[in-house]
Structures are given as structure tokens and as C-alpha cells.
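Please walk through the structure shown below. Where do its parts meet, and how are they arranged?

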Amino acid sequence: MPLHFELVTPAKLERSEDVYMVVVPGTEGDFGVLEGHAPVMSTIRDGALQVYRAEGAAPENIAVRGGFAEVGDNGLTVLAEHVEG
Amino acid sequence: MASLKELKGRINSVKSTQKITKAKQMVAAAKLRKAQAAAEAARPYAERLGAVMASLASKVAGHEGAPKLFAGTGKDQRHLLVVANSDKGLAGAFNSNIVRAALTQARELKAQGKDVDFYLVGRKGRAPIRRAHPSNVVQMFDTTDVREPGYAEAERIVAELMEMYDAGKFDVAHLFFSKFKSALTQEPTRLQIIPVPAPEIATASQAAVEYEPDEEEILAELLPRYLKTQVFGALLENSASEQGASMTAMDNATRNAGELINKLTIQYNRSRQAAITTELIEIIAGAEAL
């Protein structure tokens, strides 16, 4: 089962796709989100999200600033003020 | 009666005015489409953040340590009116409607014995508000150097507002802008931004959500962001409204110019005919006299 991942900035919906795993740089430490993760809300320190499209694949890095992550029933949503790259 | 030459000159001048208004109308129509798309694109972020805020706010509300930005200063003596206008005119009553809403509110507040200050965004609100309240304009935010006010501007505005709030310069802030309903109607709107009102979204009590760090810290962190989103949303609405108002105003102007041209042309033709008739009468009268 894939994880539904959305990356949203104030200007637009940056990403909306199904991925395998995302490693989020939370304020209190990095955490990986897989499908079926328990609901969490966390602030994100400025850094890179690592998006794994498939198991074992090389991660794609997305640098975000001013982020906030929410894991709910409909997957992972990252709200970021700025996205680079 | 104006001479033929004068009439011709006036017709030409109205024609060139019509060309300008027509061009401006088409530009506004194109920009309106862009502004609407931008407003559309900003919606997901605002909605999600609003939902998160609502669920957090319902948890923190009433607690002792609620952030000042959320709980307020406990007073409502000093009011700050943030008035968002455009930098350019040619948009009918767009700017004056916003200014009028703000001034009405200021009058009401003053009647209640409150202090009122203004924070102006955009160039067009400056003159009328400074005329009415010369000593109460505390800050004017300049947007003339950017093409379209965007998130960067919202960030700077909110940073300045937060600084003033932390320095205790005001207790309550309202934002005035124009809500975009359609190209024909824009509604001057007042929105309380500080203290941040809890968003009203019915949240079904979710499963136990884990917060990292705790709710209050997240709320404190998200409040300024929520504020920025609100201001950003207002700026977007405003720019869509401005283009809509401009389009309508220019459409009217073009039509009026057309009517005026028709009227002047008829007048011109009549005078020309009258002149010819007089000339003929003179010739015939001259011939008969011989």
C-alpha cells in the first residue's frame, strides 16, 4: 500500500502523489512516515524532506522552510511556507 | 454652437479615450483570470491550515498558557485598522469603497471612546485616510515596487504587525479588503486578524493525535503562519477584485465613449448640413436678386 503524500505551499499545491515513504525532519528529530502511520502533528525544522518513491529506491530531497507536517487518515500532508528546488 | 472644426477635434479626442479604456478593459480581463487562478491555487494551503488551527484551538482554548496572539491582551482600547488598497486607479469605486468601510468603522470606534490607528497597504488609500485622520496613520506599507502582492509581502506585513503587537501598540487589529464575488460585484469586507479568531470548522473528534512538540507550542508556531495566510488571502482577493472592478469600470467607460461619439457625430453632420443649406440659400438669393 502506498502512502499518499501532499506538499502544499501558500502559492500552490506543490505535490500530490503516492509514495512509499517520506522521512520528515521534525523539530524533535527525524521520523519516517509509512502507510498506516499513527496520526501525528509536528512542526518541521528547516531542512530536506526525503521522499522514497519505492522501497529501496534512492530518495529525492525537497528542501523546505517553515514547515508543518500532519499525518492523518488520508496520508501525510506537509504545509511549507517555502519550498526550494 | 461649436464650429465644425471644434466638433471634429472633440470626436477624435473621445475616440482616443475610448481606445485607452478598451485596452485597459482587455488587460484587466486577462489579469483577472490570472488573479483568480492565483486565488484558486492558494486555497488548499489555507483550508488545511485552517483545519489544523481549528482542531488545535479547540484544545488550547481556555487554557492558562494560550499564546497572546490567540488570547488577546485582555483589553480592547487601541484598535489598528489595516486597510489594503491597490496602487493604481481606474477601477471605479473599488478603492473608495474599502476606504469608506474603514472610515465608518473608525468613526464608530471613536464614538465608543477607543483609540484608532491605521496601517495602510497600497498607495490609493493614503490620501483619503490621511485627510480624515492626519495623525493616526502609523505605517504605510509600500507595494509599488512589486507587480502583484504575493506571499513575501504578506510575510513582511505580518512581521511588522507582530512587532507592533509585541510592543503593545494595539490590542485589536482588523483587516479591510475587498472580497471578490464576481467581476461585477466586490464586497468591502472587515476581518478581525488579531487576536486570531478560532476558525470555525466543525472538526469531528479524531483519533488520538500525537503532537510533537505539544499543542501549545505548535499553536504558538502556527499562529503567525495562519496570520500570514489570512493576509495573503486578503491580498489575493483584493487583486482579483481590483481587476474585476477595473474591467467593469472600463467597460462602462468604453460604452459611454461610444455613446458620446455617436451624439457628437450626429451634431457634426447636422451642423455641416446647416452650413451647406445656408450657403445654397445665399447663392440662390444672390441669383434671384440679379
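Predicted model: local features only at pLDDT ≥ 70, side-chain atom pairs only at ≥ 80, totals over all residues.

Helix α1 (residues 4-60) of chain B meets helix α6 (residues 215-289) of chain B. Their axes come within 5 Å and cross at roughly 165°. An angle over 145 degrees counts as roughly antiparallel. α1(B) and α6(B) are therefore roughly antiparallel to each other. Their crossing is left-handed. The residues in the contact of α1(B) with α6(B) fall into 34 nonpolar, 16 polar and 13 charged.

Next comes the sheet of chain B. This sheet is open and has five strands, in the order β3-β2-β1-β4-β5. The pairing is mixed. At the edges lie β3 (137-141) and β5 (186-194) of chain B, and each of them pairs on one side only. On average, neighbouring strands are turned by 20° against each other, direction ignored.

Look inside the sheet at strand β1 (residues 78-84) and strand β2 (residues 115-121) of chain B. These two strands run parallel, and seven bridges join them. Leu81(B) stands opposite Phe118(B), a residue of β2(B).

Helix α6(B) also belongs to this part of the picture. Besides its contact with α1(B), α6(B) packs on the sheet. There α6(B) touches β1, β4 (172-180) and β5 of chain B. The direction of α6(B) makes about 35° with that of β4(B).

Now turn to the contact between the chains. Chain A gives 21 residues, and chain B gives 21 residues. On the side of chain A that touches chain B, the elements giving two or more residues are β5 (40-44), β7 (60-72) and β8 (75-84) of chain A. Which element gives the largest share of that side? It is β5(A), with four residues. By class, that side of chain A has ten nonpolar, seven polar and four charged residues.

Strand pairing also links the two chains. β5(A) runs parallel to strand β6 (residues 210-212) of chain B, and three bridges join them. Val40(A) stands opposite Glu210(B) in β6(B).

| Strand pair | Bridges | Residues standing opposite |
|---|---|---|
| β1(B) and β2(B) | seven bridges | Leu81(B) and Phe118(B) |
| β5(A) and β6(B) | three bridges | Val40(A) and Glu210(B) |

Notes
Residues numbered from 1 in each chain as written. Chains lettered and ligands numbered in written order. Contact = placed C-beta atoms within 7 Å. Nonpolar A, V, L, I, M, F, W, Y, C, P; charged D, E, K, R; others polar. Pairing = 2+ DSSP bridges. Axes fitted to C-alpha atoms, helices over the stretch in contact; angles between N-to-C directions. Parallel < 35°, antiparallel > 145°, perpendicular 65-115°, else oblique. Left-handed = near helix turned anticlockwise from the far one by under 90°.
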